[in-house]
Amino acid sequence: MLILLLTASLGLFSQTGKITGTIVEARTGAPLAAVLVKVQSTGQQGFSDADGKFEINDVPVGSQTLLVSVIDYGLVRRDVTVDGTNDVNVTIRVNEGASTYVEEISVGGSRFRESEPGVATQSVLGSRELLALRGLIADDPFRAVQMLPGVSTGDDFRAEFALRGLGPAHLGISVDGVDSPLLYHTVRGVQDTGSLALINSDILESASLLAGPHPERLNSHLGSRVDFTTRDGSRDRLTVRAMVSGSAASTVWEGPLGSSKRASWMFAARQSYLDWLLQMIDTTTGAAFGFTDTQAKFAFDLSPKQSLRVSMIAGKSNLRDEDEVAGPNTLDRAENATLIGNVQWRFTPSAAFTTSQQIYVVKSAYKNTVVDGRAREEGGDRDLTWRGSASWNPASAHVFEFGAQAQSLHARRIDRGFTTTSEVVFVDATGDAWSAAGWAQYRWTPTARVSITPGVRFEHWQLYDQSKASPWLLTELEIRSGTRLRVGAGIQHQSATLDNAIFTLPDEELVPERAATIEAGVEQRFGSAWRVNLSAYHRQDDDRLRFVDTDIRIENNRVVRPSSPYWDNVLTGDTNGAEIVVERRAVTGLNGWLSYAWSDSQVEDAHRAGAAESFPADFDQRHTVNAYVAYRWSGRMSLSARYRYGSNFPIVGYVGQDAQGYVLSTQRNGVRMPEYSRLDLRADRMFTYRKSRLTLFIEVINATNRVNYRPYGYGVNLSSRRVFNPVETVFPLLPVAGVLIEF
């Protein structure tokens with residue numbers, strides 16, 4: 001009897017079963033090949049085939065945890081129960097990039113993302129591309145945006161960029177609906193420094209670029225807009241990511257709140273060591289720039305129809321500039337701190353109606369001191385904004401959207417100059433302003449092949465008691481299967497800022513800048529993985545702002561120095577351009593794009609004393625090439641390359657060039673910086689263990705070691721009229737490595 005019991009017990013404990021399943025990409029539902037599936041307790045493993053299917057035999061009965069790992073996708077754990085009688089069959093969805101949380105819904109989206117129907121030129125980056133393009137040397141999602149078609153930049157030290165002849169001041173940038181120019185680590189009041197994003201790439205879900213006419217749901221801007229969306233934390237279990245890159249160390253912690261999986265939390269932090277990196281790039285520099293930032297997000301499903309998101313971003317940056325020959329006005333220390341709080345509520349009472357409410361606050365303070373500790377520039381900003389919106393879909397062919405916004409702004413600016421014994425206050429100003437806006441649009445889709453979307457935004461700015469209407473019209477027609485025509489037109493306005501208002505002539509009122517744009521684009525798809533998009537546009541600018549009398553120049557063969565600069569609406573402009581993009585998107589093989597953009601942006605000041613003045617816009621770049629290619633070599637290794645070329649921007653100001661170098665000129669923006677060209681190479685190698693994963697990154701910045709330049713605050717010899725050092729070099733060839741650990 002004892003022998004029989006022992007035999008039965010041994011048979012029970014040695015019983016095994018089989019686990020089979022399919023691995024698919026969460027967003028598109030496409031099968032993923034070469035994915036490692038490992039039984040955490042025993043180390044048994046299998047790999048998915050070309051159809052995403054895997055099989056693991058002889059798995060001990062009982063509860064088991066599967067570890068699912070593939071390069072460029074989140075690390076997933078899946079609990080299963082093996083009973084020894086029936087095979088376990090599971091479908092496991094894997095999210096791209098850093099996210100591990102996947103809602104259990106059927107997904108079958110296109111490989112090509114689009115954020116706004118009818119916009120002729122738009123691009124969307126997912127988490128995988130944001131992580132691959134952020135760069136190990138900067139760890140910056142804005143660097144990923146710089147690689148998008150049509151985007152131009154030539155300054156390796158700055159996160160800002162230009163598009164279609166318009167610079168950062170005219171582009172809209174938002175994170176989860178927080179539309180603000182204060183989303184950077186930088187030094188305020190100083191031009192020749194650098195900047196980085198205030199947010200960690202690891203917590204982002206996507207970034208979308210709308211280059212042409214588009215709905216104005218957030219703040220009003222004259223040009224294109226970029227919107228970042230953060231992801232929710234894991235609702236499955238606690239997960240931890242820790243990364244050391246070329247500029248910072250970062251970590252992300254996330255997990256569920258409670259056992260119902262209806263809420264999650266996420267916390268991220270970064271600490272830089274850019275000062276060490278800058279010393280590597282230029283051993284003669286005395287500058288050291290560093291930053292710290294944190295992000296937190298809580299997500300709650302209050303009910304099946306209501307959700308709440310609460311998030312916080314905080315960052316602080318510091319610059320230490322040790323100049324061997326320091327004068328009384330030489331910058332010694334600079335600090336900039338920013339805090340953002342954001343609350344979003346969404347209510348979906350029915351399948352046809354959705355409404356959302358948002359309130360956020362942005363606070364920022366800065367202080368720049370000289371060697372003896374006196375503050376040269378200091379100040380701060382506060383932005384308090386409420387926004388509400390709704391969407392009503394009464395029938396399949398009709399979608400109504402509408403919303404409203406109220407914004408309150410406050411700014412404080414102090415600017416001083418020093419001698420060894422005294423000081424002069426150049427600016428001591430405090431300003432407050434508010435604005436209110438409402439918008440509405442209607443999308444009519446009479447058939448699956450046609451979409452027509454008119455809309456309008458009405459806004460009132462209290463600063464100068466002005467109101468403007470900004471309409472748009474977006475149309476989309478599927479000419480035949482795989483071929484789409486998009487035509488859009490719109491008028492956009494942008495009000496003067498509190499900073500502009502500080503420097504105006506007495507009793508002078510600034511009016512909102514205006515841009516009228518028309519654009520047409522044709523998209524042709526080849527199969528499910530390839531597409532080509534060709535677009536052309538024209539933009540007419542009116543009432544553009546110019547900082548008058550701010551440049552040293554030559555007039556009537558005399559050197560004219562700036563006297564009392566002021567802002568005025570004296571510029572008009574014309575911009576014409578065309579873009580072509582060839583793109584491939586797939587879960588295996590090659591991914592990426594090759595784009596070329598031609599743009600000609602000219603402005604005219606008809607109010608200039610003496611005679612009208614025409615010149616290229618400050619951010620006019622005629623030729624732009626952006627290319628990115630990535631190849632998943634296996635489930636454990638990926639290779640990528642990115643390339644940027646630009647004919648470059650003008651050297652802003654009245655600078656000419658002769659055989660001996662740079663000289664003062666009568667023509668503004670008449671000389672351009674040397675052409676910019678940079679190739680970066682990268683390789684990622686992943687190692688998966690029973691309970692964790694390690695990824696090694698190797699990146700070569702500027703692999704061809706080309707000498708590129710950025711603008712620099714130049715000096716002028718008033719006697720010889722020579723201009724000194726209007727440009728300075730940026731990144732040389734730099735090999736960088738990083739490591740990521742996930743638990």
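Val-582 is found in strand S34, where a strand is a DSSP run of E with at least two residues, a helix is a DSSP run of H or I with at least four, and both are numbered from the N terminus. Because its relative accessibility is 32%, Val-582 counts as partly exposed, a term for values between those of buried residues (under 20% relative accessible area) and exposed residues (over 50%), with a 1.4 Å probe and protein chains only. The model is a predicted one, in which local features need pLDDT of at least 70 and side-chain atom pairs count only at pLDDT 80 or more, while totals for chains, interfaces and linings use all residues. Residues are numbered from 1 along each chain as its sequence is written, and side-chain values use heavy atoms, with hydrogens and water left out.

Together with Phe-526, Trp-530, Leu-534, Ile-580, Leu-594, Tyr-596 and Trp-598, Val-582 forms a nonpolar patch on the surface, and the accessible area of these residues together is about 740 Å². Patches are made of residues with over 30% relative accessible area and no salt bridge, and they join nonpolar side chains (Val, Leu, Ile, Met, Phe, Trp, Tyr) within 5 Å or like charges within 9 Å. Accessible areas come from the Shrake-Rupley method with a 1.4 Å probe, and for residues only the protein chains shown count as cover; a salt bridge is a side-chain nitrogen of Lys or Arg within 4 Å of a carboxyl oxygen of Asp or Glu. Strand S31 (530-548), strand S34 (566-584) and strand S35 (590-605) each supply at least two residues of the nonpolar patch, and S35 gives the most, with three residues.

## A patch of negative charge

The surface also carries a patch of negative charge, in which Asp-465, Asp-507, Glu-508 and Glu-509 gather. Asp and Glu count as negative and Lys and Arg as positive, while His and the chain ends are not counted; the place of a charge is taken as CG of Asp, CD of Glu, NZ of Lys or CZ of Arg. Asp-507 has its place in the loop between helix H5 (498-502) and strand S30 (513-526), and Asp-507 counts as exposed because its relative accessibility is 81%.

## Two loop residues with positive phi

Most residues other than glycine have a negative phi. Lys-261, although not a glycine, has a positive phi of about 60°, and Lys-261 is found in the loop between strand S18 (248-256) and strand S19 (263-272). With a relative accessible area of 45%, Lys-261 is partly exposed.

Arg-721 is not a glycine either, yet it has a positive phi of about 65°; Arg-721 is found in the loop between strand S44 (715-716) and strand S45 (722-724). Arg-721 is partly exposed, with a relative accessible area of 25%.

## Distances along and across the chain

Ser-41 lies in the loop between strand S2 (36-39) and strand S3 (45-47). Although Ser-41 and Lys-691 are 650 residues apart along the chain, their C-alpha atoms are separated by 9.1 Å.

Ile-701 has its place in strand S42 (residues 693-701) and is buried, with a relative accessible area of 0%. The C-alpha atoms of Ile-701 and Val-560, 141 residues apart along the chain, are separated by 42 Å.

## The protein as a whole

The secondary structure of the protein comes to five helices and 47 strands, and buried residues make up 53% of the 743 residues. Along its principal axes, the C-alpha trace spans about 115 × 65 × 45 Å.
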